Amino acid sequence: MRLTKFLVGTAVVLAAVTAPATARKKDKEEAKTEAKATFNKDPYPSTYHPYAGVPTAVTNVTVYDGEGAKFQNATVYFRDGKVEGIETGGAVKDGYTVVDGTGKWVTPGIIDVHSHLGDYPTPSVDAHSDGNEATGAARPEVWAEHSVWPQDPGFSRALANGGVTALQILPGSANLFGGRSVTIKNVYARNVQGMKFPGAPYGLKMACGENPKRVYGSKGQMPSTRMGNMAVNRQTWARAVEYKRKLDKGETVARDLGMETLAGVLSGEILVHNHCYRADEMSLVIDMAKEFGYKVSTFHHAVESYKIADLLAKEGICSAMWADWWGFKMESYDAINENIPLVHKAGACAIVHSDDANGIQRLNQEAAKALGDGRRIGIDIPDEVAWTWLSYNPAKALGIADKTGSLKPGKMADIVLWNGNPLSVYTRPDKVWIDGALMYDAANPKMRPVSDFELGQPGEGDTK
Amino acid sequence: MKRFLLGCAALIAAPVSAQTVAITGGKVVIGDGSAPIDNGTVVITNGRVVAAGAGVAVPAGAERIDATGKWVTPGIVAGFTRMGLVGVDAVDPSNDAGARNSPFNASLDMAPAINPDVAAMAVNRAAGVTRAIVSPDAGNVIFGGQGAVIDTGADMSPVTKAKAFQFVEFGEAGARLAGGSRPALIAAFKTALGEASDAAKGIFREESLLKRGDALALVPVVNGTMKLFVHVEGAPDILTVLSLKKDFPALNLVLVGATEGWRVAPQIAAAKVGVLASALNDLPESFEQLAATQSNIGRMKKAGVQVAIGMINDNEARQAQLSMQYAGNLVALNKVPGATGLSWDQAFATITSAPAEIAGVGADIGSLRAGRRGDVVIWDGDPLELTSGVQAVWIDGVKQSLVSRQTRLRDRYMTPTEGALPNAYDR
């Protein structure tokens, strides 16, 4: 797969990854590099632990496995936090708690590659505005996880209404280099470490276009133009290449948190998530990545991906897109409703993303709208294939596709039981399991998580 | 210059087709909350609905449109928007929704600013939205000005009704505009309406808060001949708004937003005040929205409140096309234990007849009942369902183009690679 290199690059934190021989060689080279690094690459380690589950069989369901396959009248088995398998026909095996899913659907949990839950939480008061370190256009030294407020009520909505089981929290797009992202399980914890997805690689948020040049240009600072954006980008990458060269040679370098992140990108450990709307700017970023020797995992927003879908397919870069957002700013003016299906049709990696505390509750609905718009222009994508936009492709983009994002045996049992066709507007999650533990049950008010913020306030524990 | 010309256009009647059209065989939704009618017929003549339903005869000479297997509905009425006022939100010169630096406020009239050329018009028309209630944004004081009811037709006469209502910001936003607190907000509101009461009697004082034109613009608000749309979210603030009728008994109030309306639904119902509610707010976005829930509209409806879907502060300049999805989500709540949703029929009415009635134009638009304007949409499936699409749109009986710059871009880039010439030659 095109992201194999990224997956391997993250081996520093992964236990075991199946990788081709060439990549294993690269892995060894990196291991040498890492031996020279004197700093701790995981100073805020995940303390997430799966909650207790029971061996479960969800019976009589329609299943989309997340990798494009569909099973009808099937039983989904999971135990010890892992998917065991999907079976059709035959009696239900002994030793499982049976959940009758007649008339319902099972899918892998939805994964949102673009969220600001926790770093722009609700209530959206100034005191909570922690997503943009807008004090310099290049801030690769900041880490989104240091802004994530684990009591954001939005996590519960994403779970109960959205069926979201994992998500990437990104810094905002005020800066060209916004900082490191963090991928988390959608399970409340007392601190962000308790939510961090075990073994997920870090990401680096970058941004093209209007936001950085507006934020800094309006302060009389660089960048104030798109060419200024590129100049700051390139100068910063040039420094990072030099920093990494010294690291690789074993030279003693002063710790530079920003450069450590960029060196991590250059070595393939950290995945680039680049906010970029326009086709021409994405094309420039692709060349810039080649100039300095890194790869872009995903262009986010990417409303003009349809104009360069062939290029994105060739380069193996994902596009994380909305179904129908458009026109709120100049660089979103050329958005079209068929962007997602056109990218998919070109053989490029398509992802439905939210960037929004409301949108994250309806990513399945966004996929359905795009699907309908595609079908009306003759791009006939089956429902079960469209689900790859919601779970497997985002998992690939985040470097966690070996762990979640589909219902392949051995993967994390991150599973949603929907009370109907999940691409219908009339459908909502019935139950959500994360690592095989039941974390939401529509039928049980006790199984609606309530953040500390909402406790003792109007609306506590209501259906939302 | 265009804006001035458009101002004149508002006085000109919208284009109306004299053609008689009969749409037959479809599943017809009247839009008034009644159930869909299988194999129904809709007849439009002279730009108005003549009849719709089962067993309707097709007049001789009518253009027949076969809608077998399709859904036929009134055009969607977007309950609270800023459509037509905004080209691109973040491109300030194209954005006429609010006037932060104007010396005027309540007298600002949106109708002449409605621009049928903004891309949102064609995009939403093609999505089945034929009419919209268009409000100003408040600039530097609580009163934003006078809103309009518009159509999205491909012509230069977008205004259905000018000066349909006055808009005022209440709650947190209103308090900030009024100087920083709710007491300041209430003082500003009561003082302004007091000056309007005086203005009605020809009294204008030296030390007045309002300019003369703004005070005069509020006269029909005080005497109840013009609706007052009040943006208010929190339950305590809603009760404050309802209590304003003690001082100004003729006020013809409509609540906008009303995220916590469900907590005081009996009081809203008793006051007979309509609500253009945000459908899917369920986050404690602010301290006036702590009890947000998607069940808000369902619970208000159940309590007898007249409620429709509005989209304040929710991409309302461009995304009225989400109205159908929002309504569908309210139907979805019926399958969620503990939640309160709407029936399909009720949900469809919240984006057709209900907003029209709340805006005071229910006799003119918002349903396929006889005499209403000939705004009709043919859909290839359930109009609230996500994968459904629009096949044909009539506004005032005039068949509309479904082409937008979005469809043009789509067609140009169906195959993105250049052919014999650059894509710029492909049109």
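Begin with α10 of chain A, whose buried residues are covered by elements including β6 (110–115), α9 (339–345), β13 (350–352) and α11 (383–386) of chain A together with α10 (323–332) of chain B. Helices (H or I, at least four residues) and strands (E, at least two) are DSSP runs numbered from the N terminus; a residue is buried if 20 or more other C-beta atoms, placed from the backbone, lie within 10 Å of its own. The model is predicted: local features need pLDDT of at least 70 and side-chain atom pairs pLDDT 80 or more, while totals for chains, interfaces and linings use all residues. Residues are numbered from 1 along each chain, and chains are lettered from A in the order in which they are written.

Select residues 363–376 of chain A: α10(A) has 14 residues, of which 12 are buried, among them Leu363(A), Ala367(A) and Leu371(A). Just after this helix, Gly378(A) takes a positive phi of about 90°.

Next, display α5 (226–248) and α7 (279–292) of chain A, whose axes (lines fitted to C-alpha atoms over the stretch in contact) come within 10 Å and cross at roughly 20°. The two helices are therefore roughly parallel (angles under 35 degrees). Met230(A), Asn233(A), Arg234(A), Trp237(A) and Val241(A) of α5(A) make the contact with Leu284(A), Met288(A) and Phe292(A) of α7(A) (C-beta atoms within 7 Å).

Finally, select Val230(B), Val254(B) and Leu255(B), which touch the most other members of the largest nonpolar core, a set of 275 residues (buried Ala, Val, Leu, Ile, Met, Phe, Trp, Tyr and Cys joined through C-beta atoms within 7 Å). Helix α4 (182–200) of chain B gives the most to this core, with 7 residues.

How values were computed: Expected span 1.5 Å × (residues − 1). Contact = placed C-beta atoms within 7 Å. Axes fitted to C-alpha atoms, helices over the stretch in contact; angles between N-to-C directions. Parallel < 35°, antiparallel > 145°, perpendicular 65-115°, else oblique.
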